[in-house]
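This briefing concerns the chain shown below.

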Amino acid sequence: MTNRRRSSERLNSLAPRRRTVVKAAAATAVLAGPLAAALPARAADAAPAFLHGVASGDPLPDGVLLWTRVTPIPEATPGSGLGPNTEVSWIVARDKALTNIVTKGSTTATAASDHTVKADIRGLEPATDYWFRFSAGGTDSPVARTRTAPAATASVAGLRFGVVSCANWEGGYFSSYRHLAARGDLDAWLHLGDYIYEYGTGEYGTRDTVVRQTAPTHEILTLADYRIRHGKYKTDRDLQALHATAPVIAIWDDHEIANDAWSGGAENHTEGAEGTWAARRDAAKQAYFEWMPVRPAIAGTTYRRLRFGKLADLSLLDLRSFRSQQVKVGNGEVDDPDRTLTGRAQLDWLKAGLKSSDTTWRLVGNSVMISPFAIGSLTTDLLKPLAKLMALPQEGLALNPDQWDGYMDDRRELLAHLRSNAIRNTVFLTGDIHMAWANDVPVDAGMYPLSASAATEFVVTSVTSDNLDDIVKVPEGTVSAIASPIIRAANRHVHWVDTDRHGYGVLDITAERAQMDYYVLSDKTKQDATAAWTRSYRTRSGTQKVERTYDPV
């Protein structure tokens, strides 16, 4: 999200000490204190342990990527660089009791990869549940479920994906993950970015209250820092539960690296005082690929494509590695054809994949909103917090330069490609904006609904990261009740927007329709928060339009 750090600092009245704290703390990134904070205490003579759970990701018809992290000795905490080489074995079976074993193997976990382990398993059957476990030094990991994708040519009756984004550790508990895990009916789950946040303690909006402290406590800059932060997140019991239930399909947004990242820097990076951008970016990406069950098709990026039989394919985007720097709105540069969000190669890859696709649905994992957004005539009390959240000028100029609105030539080219090639059933699945939306994606927003809709978009809200009610510190629903009708009046392609609540989505796909069910949490600051269905929207095959439906799947 754009300019969130500055906004949250003003809103929370934090002292302007961030840079000095960062520089002092970065020098001690590998000391025992912040490292140990990422892990529960263990006895000095403890055996190897699997303290960060197990996970799987990127399902294929014949395989899946398995992940874990072993702690060989108590001192070998994330980012420490300590600990001996340790043999880690795995088994994959057709049953939870692991009696019907289909494959097994082993590898060596080393400090060079922060003792993380990946096993790219192949030779499995399509559309099949499997269970797996890791072992090291006589210690077994928890047993976890994964699932392969359907065969490429298979006729698939339905698919169901959990959809989440934007999980700020200090903002609350990850109850959304727990409720998704409890369903037991997911083929996979999509994380659309901001799996971790880079800020130091208290530097990011939490309604003035740090619900639980992150580690390290300073802003993360080095490889050790990013490893510690990933390790902290992987100790969350709800996140572990979801990873143990279904494979994840993840892309990054900016906070896995730094706020408002672009190809040459970031809003939340000070060159020199915080090292070089190249070193920080490379450290963040290395830690990400170590700690996430992601199989990059191209080294250093998260754009790739997965297929789920004849029903759907999923194009996953990397909208940070290649983009031009964000511009200030109102200077005309948002229309500059030399500026790009995707990069030329990625946009050509996306266009070619959408055109050649022979599946019923073309899903696009998209980290920032593609639908145009105009503020309209919001009142000052609503405009200012909305402007802070989205980095919009508080005078009301209607544009968010960090999302596709700031890179209009890329969007224009992509939507024209969809229209000119009669590409139907393209659905963008989006995070980042900390609000829930259901949108048509118009070719010309100014003429909509007379202008055609080229695609549809479902945007999920944040797991915990601040949205409008948090910023203005009012009860949930208060802002949305006023802002939503005004936003929709100024944006006729927007069918629904909830500016206030936290939660997750469940995307259910059949040949006839793609439906997003939206769920909200009772209280993100409570470990035992309940979840409730709130709205559902669908797009029926061939329509390129969103419509409300009144029951979840």
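Two residues are in contact when heavy atoms of theirs lie within 4.5 Å. The model is predicted. Its protein chain holds 12 helices and 22 strands, and buried residues account for 61% of its 553 residues.

**Overall make-up**
- Of the contacts between residues at least 6 apart in sequence, 72% link residues at least 24 apart.
- The protein chain has an accessible surface of about 18600 Å², and carbon and sulfur atoms contribute 52% of that surface.

**Nonpolar cores**
- The largest nonpolar core has 40 residues, and Tyr-177 and Trp-189 touch the most other members.
- Two or more residues of this core come from each of helix H4 (175-183), H5, helix H6 (237-243), strand S11 (248-250), H7 and strand S19 (503-509).
- H7 supplies the largest share of this core, with six residues.
- Leaving aside residues up to four places away in sequence, Tyr-177 touches Val-164, Ala-167, Trp-189, His-191, Asp-238, Leu-239, Leu-242 and Val-463.
- Another core, of 33 residues, lies apart from the largest one and includes Ala-188, Trp-361, Ala-514 and Val-546.

**Packing of H5 and H7**
- The axes of helix H5 (residues 223-233) and helix H7 (residues 277-291) come within 8 Å and cross at roughly 35 degrees, in a right-handed crossing.
- From H5, Leu-223, Tyr-226, Arg-227, His-230 and Gly-231 take part in the contact; their partners in H7 are Arg-280, Ala-283, Ala-284, Gln-286, Ala-287, Tyr-288, Glu-290 and Trp-291.
- By type, the residues of this contact are seven nonpolar, three polar and three charged.

How values were computed. Residues numbered from 1 in each chain as written. Predicted model: local features only at pLDDT ≥ 70, side-chain atom pairs only at ≥ 80, totals over all residues. Heavy atoms only, no water. Axes fitted to C-alpha atoms, helices over the stretch in contact; angles between N-to-C directions. Helix = DSSP H or I, 4+ residues; strand = E, 2+ residues; numbered from the N terminus. Left-handed = near helix turned anticlockwise from the far one by under 90°. Nonpolar A, V, L, I, M, F, W, Y, C, P; charged D, E, K, R; others polar. Core = buried A, V, L, I, M, F, W, Y, C linked by side-chain atoms within 4.5 Å. Buried < 20%, exposed > 50% of the residue type's maximum accessible area, 1.4 Å probe, protein only. Areas by Shrake-Rupley, 256 points an atom, 1.4 Å probe, with all protein chains shown as cover.
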